[in-house]
Amino acid sequence: VDPDARVEVIQEEEELEEQQNRRRRRQLLLHDGKVMTRDVLVTGRFVVRVTAQSSEIAHSRERLSEVVFGPVGTPRSQYEACSMGKLLLEPAKGRHIHQGVIELHVPVSHQGKNALHYLEDMDEHLQPLLEKELDQYDHIMYCVPEGALSAHNSERWNAFATVGHNRLVMNEPNCLYLSTHIHELGHNLGLVHSGRDGVKYKDKSGVMGYGYSLIGAPLMCFNGAKNWQMGWYHDKAVELDSTLERCGAWKG
């Protein structure tokens, strides 16, 4: 391409507006490093129960729906509680989506395959079952049978997600674990890991650090830094300038 050439990208106004809306729902208006969520934000999400060429998820579609969208001890209930009602996760709707879960058969072996490459296979076979493009959904959670390798080709892995993107992949049985769900969805919402003493995952004060292999527990939220980034409590926050001299005691 001629370096002096000018390349113009022309998009319809409605298409640009839809892209902006999707970006707002998924990244919650990242602004100056903070996620602005003062208003109630409803996002659509669905779970993909994957059947590989020779393996199947042990848990039924109804069970997955229950652990993700149920009223207590689920990602749906916990995000609502942690955000003080400012982030609501609702099951997406579609012809093949039932109670927030869709069945997907991928006629490709996942055994020993890098999960990132297997994600491409799953995306390819999922798209024909949907009414919208994959990127038009707020969150898509793949629950895959054990056997695939991690993104770093390890046999032992729990889940992975991309910061600011809308996909997360969980290796069975992690599809049932509450802290894993909240952690990986946190990546989709723009959050990175929480560590301590230079050790990743060592922070136990929030779900972006240490994880628990438990169903419906513990009922944890994020640490102070992540809560501030999400912007859920800005209407209850006070900022102080530590460089200014203050007289008297601070109260409040």
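The side chain of Lys86 has a polar atom 2.9 Å from the backbone oxygen of Trp232. The model discussed here is predicted.

User: What makes the approach of Lys86 to the backbone oxygen of Trp232 a polar contact?
Analyst: The cut-off for such a pair of N or O atoms is within 3.5 Å, and the atoms of Lys86 and Trp232 are 2.9 Å apart. The pair therefore counts as a polar contact.

User: Where does Lys86 lie, and why is Lys86 called buried or exposed?
Analyst: Lys86 is in the loop between H3 and strand E4 (87–91). Its relative accessibility is 10%, and buried means under 20%, so Lys86 counts as buried.

User: How many disulfides does the structure hold?
Analyst: There are two disulfides. With the bonded cysteines of the chain numbered in sequence order, they pair 1-4, 2-3.

User: How do you know that Cys82 and Cys221 form a disulfide?
Analyst: The S to S distance is 2.0 Å. The cut-off is within 2.5 Å, so Cys82 and Cys221 qualify as a disulfide.

User: What makes this a link between distant parts of the chain?
Analyst: Cys82 belongs to helix H3 (residues 75–82), while Cys221 sits in the loop between strand E10 (199–200) and helix H6 (224–230). The two cysteines are 139 residues apart.

User: Why are Cys82 and Cys221 placed in their accessibility classes?
Analyst: Cys82 has 2% relative accessibility and therefore counts as buried, the limit being under 20%. Cys221, at 25%, is partly exposed, because that class runs between the buried limit and the exposed one of over 50%.

User: Which residues of H3 are buried?
Analyst: They are Pro75, Ser77, Gln78, Tyr79 and Cys82. Just after H3, Met84 has a positive phi of about 60 degrees.

User: How do you know that Cys143 and Cys175 form a disulfide?
Analyst: Their sulfur atoms are 2.0 Å apart, and the limit is within 2.5 Å, so the pair meets the criterion. Cys143 is in strand E6 (residues 139–144) and Cys175 in the loop between strand E8 (167–171) and helix H5 (178–188), so the bond ties together parts 32 residues apart in sequence.

User: What is the handedness of the disulfide of Cys143 and Cys175, and are these cysteines buried or exposed?
Analyst: The S-S torsion is about 100 degrees, so this disulfide is right-handed. Both Cys143 and Cys175 are buried.

Methods: Residues are numbered from 1 along each chain as its sequence is written. This is a predicted model: local features need pLDDT of at least 70, side-chain atom pairs count only at pLDDT 80 or more; totals for chains, interfaces and linings use all residues. Side-chain values use heavy atoms; hydrogens and water are left out. Helices (H or I, at least four residues) and strands (E, at least two) are DSSP runs, numbered from the N terminus. Buried means under 20% relative accessible area, exposed over 50%, partly exposed in between (1.4 Å probe, protein chains only). A polar contact is a pair of N or O atoms within 3.5 Å; within protein, one must be able to donate a hydrogen and the other to accept it, and residues adjacent in sequence count only if both atoms are side-chain atoms.
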